[in-house]
Amino acid sequence: MLALLLPFWITTVYMASLAPQRATTLKEAFRICDVAPLAGEDLKRYYVPLDELRKSEAVEFVSAQLEFQDQGQFQCILFTGHRGSGKSTELKRLQQQWHQEFEVIYLEVDDETDLNDARYTDIYLIIIKHLGLRMQKLGLQFEPQLLANFEVWFNEITNETEDTVAKSVNAEAEASLGAEAPFLAKLIFKLQAQIKGSRTQKRKIRDTLQKEVSRLKSDANALLQDAMNKLQRLKPNSKGFLVIFDNLDRVPPEVGDHLFFDYSSQLRELRCTTLFTVPISVLCSPRNVSNAFEQPNLVSMPNVYKLNRDKVNLDFNEEAVAKLATLLESRIDIDAVFDDREQTLELVRHSGGHVRQLFQMARLALQKAYTQKKEKVTADEVTYGFKQLQFAFERAARENHYGVMAQVCVDKDITKDDVGQLLLFSTAVLEYNGDDRWNYPNQAE
């Protein structure tokens, strides 16, 4: 009997451990409403599907692209949406979903380079560094001659040898890469640090890499192909490496133009499957990103409105508002923390569907209530949270922005110029997509 009951008991305990642990105090609620992307067990506990509000299937389309890919094939996939719309959480889901078929390398690019000055050559360096680290983790080694050729070439560019790198790699590199990291990873780590350093050194290194970009690309692809061959001998059913570049959507419009228009071919020619997050402003460029890539996969803003193109001030879709409020309700015991459920619905209305801003306002309201020695959040704290985001937008807004946003209220469409791209990039104007495509000013603006 015990043997029969044991599997049931184990399953019950496991499922109970994954049950949502809802906050019952202001302090717990503040902590649990962290704006960081869901990952690990929290992804299982707190993830709420918003497909019916987004009216788009970005994750499903990416999954289909990966499903259709055969061994030996490579793709360059674009993934976009407003900052804070939930892209990173969806990418974590993709990482979990495809880790059997692909060797997935998930990267937060802001940890690797300066997003305000990122270059396509940085992408090559990042891939080579993390490829070396993953090969080491898998117990695999590059062909010695390929590795030697690459290291000799880099020595000519940087005047760095294994001895000089070993002497100068600091504690930060050891902590980031591990003490046993391969020389190639340590070399590129040092090179990245130099690129982030003085302007003169940055220009020198980038000018050299730009002049030698054909060599950089051919050597990078040789290492990628070698890694692919070794991986498939280790895992015969593997489709290869899938490198996810998260947070590239945070680069300013001019850097987005450099990466995804000026040097699109260099990104597409890497011999591994890459997934790049791109700024939503790229979609509004007259250069048309679809001329260089497959159609980008858009994580649309959850729509909480009733679209009426003839109406300036849109009404809310209260069913959609209630659905989005479940993001908070999955983490918080609303009756214990809020004076009335209406306050959570009001937070959603003020967010305009923007997921990150919803949590930001909630945290501000919770913090305000705590500092006021209140037991629960009231309407006053909700207003405070909304106002703080509004003030932040007002500080960043320029005089010529307000006329454009007023016109967006009327037309439900953003201008296809630099100002329009900037307003999308800053989330002052939001895009809603799916059955229809339209724009509307951010409620916090």
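Student: At roughly what angle do the axes of helix H18 and helix H20 cross?

Tutor: A word on the model first. It is a predicted one, where local features need pLDDT of at least 70, side-chain atom pairs count only at pLDDT 80 or more, and totals for chains, interfaces and linings use all residues. Residues are numbered from 1 along each chain as its sequence is written, and side-chain values use heavy atoms, leaving out hydrogens and water.

Now the helices. Helices are DSSP runs of H or I with at least four residues, strands are E runs of at least two, and both are numbered from the N terminus. Axes are lines fitted to C-alpha atoms, for helices over the stretch in contact, with angles from 0 to 180 degrees between N-to-C directions. Here H18 (residues 341-351) and H20 (residues 379-396) have axes that come within 10 Å and cross at roughly 15 degrees.

Student: What does that angle make H18 and H20 relative to each other?

Tutor: Angles under 35 degrees count as roughly parallel, over 145 as roughly antiparallel, 65 to 115 as roughly perpendicular and the rest as oblique. H18 and H20 are therefore roughly parallel.

Student: Which residues make the contact?

Tutor: Contact means heavy atoms within 4.5 Å. H18 brings Gln 343, Glu 346, Leu 347 and His 350, while H20 brings Ala 379, Val 382 and Phe 386.

Student: How many salt bridges does a search of the whole structure find?

Tutor: Side chains of opposite charge can pair when their charged atoms come close. A salt bridge is a side-chain nitrogen of Lys or Arg within 4 Å of a carboxyl oxygen of Asp or Glu. The search turns up 26 of them. One joins Asp 249 and Lys 87, with the closest N and O atoms 3.0 Å apart. Asp 249 sits in the loop between strand S3 (241-246) and helix H14 (253-262), and Lys 87 in helix H6 (residues 87-98), so this pair ties together parts 162 residues apart in sequence.

Student: Where do Arg 206 and Asp 122 lie?

Tutor: Arg 206 is in helix H12 (residues 199-211) and Asp 122 in helix H7 (residues 120-137), 84 residues apart. Their side chains meet in a salt bridge at 2.7 Å, N to O. Both also belong to a salt-bridge network with Asp 117 and Arg 119.

Student: Is Arg 206 buried or exposed?

Tutor: Buried means under 20% relative accessible area, exposed over 50%, and partly exposed in between (1.4 Å probe, protein chains only). Arg 206, at 11%, counts as buried, and Asp 122 is buried at 4%.
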